[in-house]
Amino acid sequence: MRHPKSILILTGAGISAESGVDTFRDKDGIWSKYDYRDVATPEGFARNPKLVYDFYNMRRRGVAKVKPNAAHDALARLEREFSGEVLIVTQNIDNLHERAGSRNLIHMHGELESALCKVCECRSYWADDMEQGSACPACGTVGYLRPDIVWFGEMPYQMDRIHHALANCDLFLSIGTSGNVYPAAGFVDYARAHDVHTVELNLEPSEGHSVFNDAIHGKATKIVPEYVDRILMGL
């Protein structure tokens, strides 16, 4: 599609994989080592909070050691240089988009460096380890902080805003997603129902690749910068 005026970009684990961030559903991914019911559900947190705290503390420390890659950098450049609107909706809980320079961003599944207080419901920046004795920076209550992560069975954040953006953009890009995690897997259908041009950029065809108008497959660090160049050159 030439000369879009508004672009919505969905990113998944595949865009951060080349930075060294573990994916979830690959053969050696996170869910091959942990049972999601233990570390990514409200029930698991109630059953064994220490295990959940330790899991996200480990992930927070791990992400702090890696850097944004060329795909993150390209999307930040697109936001800076594109004459229209660019919104990134990410399924990732890392902060690599922000560290690359992206600013118009929705973390639909929450953020590693954020704490949610179950008492005052405030969200606070949190870069250190979290434990049962941690106090809420907003209200000071001890023992009621949880990772600000959308767990299985919970509603992703800002869905109304996402659906509005999907219905009103010209171009929808899906980058590094498996295509089997809802509601994000349904975004392409929602976009196409509103006559939006849809493109998949992925290492290999996702489960829903045939639904997209176009698909480009390869390493994110190669195909994403190349596609951004095409957009900015009006090709």
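Visitor: How many of the residues of S6 are buried?
Guide: This is a predicted model, and that applies to everything we shall discuss. In S6, five of its five residues are buried, and the strand is mostly covered.

Visitor: How should I read the pairing of such a strand with its neighbours?
Guide: The general idea is that strands of a sheet pair through backbone hydrogen bonds, either parallel or antiparallel. Here, S4 and S6 run antiparallel and are joined by four bridges. Within this pairing, Cys117 stands opposite Leu145 in S6.

Visitor: What is the order of the strands in the open sheet?
Guide: The order is S5-S4-S6, a sheet of three strands with antiparallel pairing. Its edge strands are S5 (123-125) and S6 (145-149), each of which pairs on one side only. On average, neighbouring strands of this sheet are turned by 45° against each other, direction ignored.

Visitor: How many bridges join S4 to S5?
Guide: Three bridges join S4, residues 110-117, to S5, and the two strands run antiparallel. As an example, Ser114 has Tyr125 in S5 as its bridge partner. A helix also belongs to this picture: H4 (residues 49-64) packs on the sheet and touches S4 and S6. The direction of H4 makes about 140° with that of S4.

Visitor: Which strands pair in the parallel sense with S2?
Guide: S1 (residues 6-11) pairs with S2 in the parallel sense over six bridges, and S3 (residues 105-107) pairs with S2 in the parallel sense over three bridges. On the S3 side, Thr90 stands opposite His107.

Visitor: Why is S2 described as largely enclosed by the rest of the structure?
Guide: The reason lies in its accessibility: five of the six residues of S2 (residues 85-90) are buried, so this strand is largely enclosed by the rest of the structure.

Visitor: How does one describe two helices that pack together?
Guide: Two packed helices are described by the angle between their axes and the distance between the axes. In this structure, H5 (residues 70-81) and H9 (residues 220-233) pack at an angle of about 15°, with their axes 8 Å apart. The two helices are therefore roughly parallel to each other, an angle under 35 degrees being counted in that way. The crossing of H5 and H9 is left-handed.

Visitor: Which residues of H5 and H9 meet?
Guide: From H5, the residues are Ala70, Ala71, Ala74, Leu75, Arg77, Leu78 and Glu81; from H9, they are Ala220, Thr221, Val224, Pro225, Val228, Asp229, Ile231 and Leu232. By class, this contact has eleven nonpolar, one polar and three charged residues.

Visitor: What should I look for in the backbone angles?
Guide: Most residues other than glycine have a negative phi, and most peptide bonds are trans. Glu121 is not a glycine, although its phi is positive, at about 65°. Glu121 lies in the loop between S4 and S5 and is exposed, with a relative accessible area of 61%. Gln158, also not a glycine, has a positive phi of about 55°. Gln158 is found in the loop between S6 and H7 (159-168), and its 40% relative accessibility counts as partly exposed.

Visitor: Which residues are joined by a cis peptide bond?
Guide: The bond joins Tyr182 and Pro183, with omega of about 15°. Pro183 lies in the loop between S7 (171-175) and H8 (187-193).

Visitor: Is Thr198 buried or exposed?
Guide: Thr198 has 0% relative accessibility and counts as buried, the limit for that class being under 20%. Thr198 lies in S8 (residues 197-202). Not counting residues up to four places away in sequence, Thr198 touches Phe172, Val188, Ala191, Arg192, Val211, Phe212, Asn213 and Asp214.

Visitor: What does Ala167 touch?
Guide: With residues up to four places away in sequence left out, Ala167 touches Tyr190 and His194. Ala167 lies in H7 and is partly exposed, with a relative accessible area of 22%. The C-alpha atoms of Ala167 and Val150 are separated by 24 Å, the two residues being 17 residues apart along the chain.

Note on methods. Residues numbered from 1 in each chain as written. Predicted model: local features only at pLDDT ≥ 70, side-chain atom pairs only at ≥ 80, totals over all residues. Heavy atoms only, no water. Axes fitted to C-alpha atoms, helices over the stretch in contact; angles between N-to-C directions. Parallel < 35°, antiparallel > 145°, perpendicular 65-115°, else oblique. Left-handed = near helix turned anticlockwise from the far one by under 90°. Contact = heavy atoms within 4.5 Å. Nonpolar A, V, L, I, M, F, W, Y, C, P; charged D, E, K, R; others polar. Pairing = 2+ DSSP bridges. Buried < 20%, exposed > 50% of the residue type's maximum accessible area, 1.4 Å probe, protein only.
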